[in-house]
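Student: I would like to go through how the labels on this structure are assigned. Please set each value against its cut-off.

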Amino acid sequence: MQVRDNSMTSVDWPGTYQGIFPCADCEGIKTQLLLDEDLTYTLKTQYLEKSDSVFREIGKFNWNDSGSAITLDNSNHQIYQVGENILFHLDNNGKRITGDLARNYTLEKEKIEITNKYWKLVRLNGQPVKSENREPFIRLNEDTTVNGNGSCNKFNGKYELLEGNKIRFSPFAMTRMACIGNDIENEFMQVIEKTTSYSVSSNELILQDEFETSLAIFVSNYFK
């Protein structure tokens with residue numbers, strides 16, 4: 001018996017999908033849905049202009065008999081039709097939402113890129129990062145400017161992307177606040193000076209030196 005192609009078998013569906021759903025009493029529901037190959041999911045939501053809280057739930061999902069849509073096992077039993085790099089949020093009857101707002105009920109698969117993302121620093125020279133001050137992060141903008149926080153002081157500067165995943169940072173301008181336990185910031189800035197290349201996945205950025213040694217590891221945060 002020949003197995004027909006469907007989304008479950010022919011689409012590269014595992015990954016992270018993001019978008020903003022309509023909301024009756026807020027600016028929108030910022031949504032991120034991670035689908036794993038083991039049929040588990042992680043769903044994060046944030047009600048914009050209403051709360052800074054990010055709600056997180058983990059569960060399982062099932063494919064329908066035709067292999068075209070999935071259903072989350074949460075209390076709402078959300079249904080999504082699976083397309084190439086996109087999820088369509090279906091109504092309670094499993095039907096596509098139509099009309100002018102139809103496009104607002106989609107989640108698009110996250111692209112593997114380093115720009116326009118909030119990259120939170122999680123490991124530095126092989127050690128986990130625990131800051132007593134502000135959360136250290138870096139953001140690489142499309143216009144080749146870079147900004148962030150070293151765990152105490154804000155910084156900004158320029159960067160250049162070269163062939164072969166090479167990257168070069170210009171000297172950063174920084175504020176000059178004095179913070180207790182500021183060792184992370186000094187080490188972070190030293191790592192930036194040593195960085196010559198990078199590797200990236202959908203949610204992880206690694207800065208490396210000329211020997212491709214991992215100097216700093218960041219994870220992306222869609223809700224920043």
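This is a predicted model: local features need pLDDT of at least 70, side-chain atom pairs count only at pLDDT 80 or more; totals for chains, interfaces and linings use all residues.

Tutor: The chain has 2 helices and 18 strands, and its C-alpha atoms fill a box of roughly 60 × 45 × 30 Å along the principal axes.

Student: How many of the residues are buried, as a percentage of the chain?

Tutor: Of the 224 residues, 42% are buried. The chain exposes about 13400 Å², and carbon and sulfur atoms supply 46% of that area.

Student: How many positive and negative side chains are there, and how far apart are the centres of the two sets?

Tutor: There are 24 positive and 32 negative side chains, with the two centres 3 Å apart.

Student: What makes a set of residues a nonpolar core?

Tutor: The members must be buried residues of the listed nonpolar types, joined through side-chain atoms within 4.5 Å. The largest such core here has 24 residues, and Ile138, Phe169 and Phe218 touch the most other members. Elements that each supply at least two residues of this core include strand 9 (119–124), strand 13 (154–162) and strand 18 (214–220). Helix 2 gives the most, with 5 residues.

Student: Which residues is Phe169 in contact with, leaving aside neighbours within four places in sequence?

Tutor: Phe169 is in contact with Ile138, Leu140, Val146, Lys158, Tyr159, Ile192, Thr195 and Leu207. There is also a second, separate core of 19 residues, with Cys26, Ile29, Leu33 and Leu107 among them.

Student: Why is Val191 called buried?

Tutor: Buried means under 20% relative accessible area. Val191 has 2% relative accessibility, so Val191 counts as buried. This residue lies in helix 2 and touches Leu124, Asn125, Leu215 and Ala216, not counting residues up to four places away in sequence. Val191 and Leu207 are 16 residues apart in sequence and 8.3 Å apart in space, C-alpha to C-alpha.

Student: Why does Thr40 count as buried?

Tutor: The cut-off is again under 20%. Thr40 has 17% relative accessibility and therefore counts as buried. Thr40 is placed in strand 3 (residues 40–47). Leaving aside neighbours within four places in sequence, Thr40 is in contact with Leu34, Leu35, Gly59, Lys60 and Phe61.

Student: What makes the pair of side chains of Thr40 and Asp38 a polar contact?

Tutor: A polar contact needs a pair of N or O atoms within 3.5 Å, one able to donate a hydrogen and the other to accept it. The side chains of Thr40 and Asp38 are joined at 2.6 Å, so the pair is a polar contact.

Student: Why is Leu39 called partly exposed?

Tutor: Partly exposed covers what is in between the buried limit of 20% and the exposed limit of 50%. Leu39 has 32% relative accessibility, so Leu39 counts as partly exposed. Leu39 lies in the loop between strand 2 (29–35) and strand 3. Its phi is near 65 degrees, a positive value in a residue other than glycine.

Student: How do you know whether Ser151 is buried or exposed?

Tutor: Ser151 has a relative accessible area of 0%, and the limit for buried is under 20%, so Ser151 is buried. Ser151 lies in the loop between strand 12 (145–149) and strand 13. The phi of Ser151 is near 115 degrees, also a positive value in a residue other than glycine.

Terms used
Residues are numbered from 1 along each chain as its sequence is written. Side-chain values use heavy atoms; hydrogens and water are left out. Helices (H or I, at least four residues) and strands (E, at least two) are DSSP runs, numbered from the N terminus. Buried means under 20% relative accessible area, exposed over 50%, partly exposed in between (1.4 Å probe, protein chains only). Accessible areas come from the Shrake-Rupley method with a 1.4 Å probe; for residues, only the protein chains shown count as cover. Lys and Arg count as positive and Asp and Glu as negative; His and the chain ends are not counted. The place of a charge is taken as NZ of Lys, CZ of Arg, CG of Asp or CD of Glu. Contact means heavy atoms within 4.5 Å.
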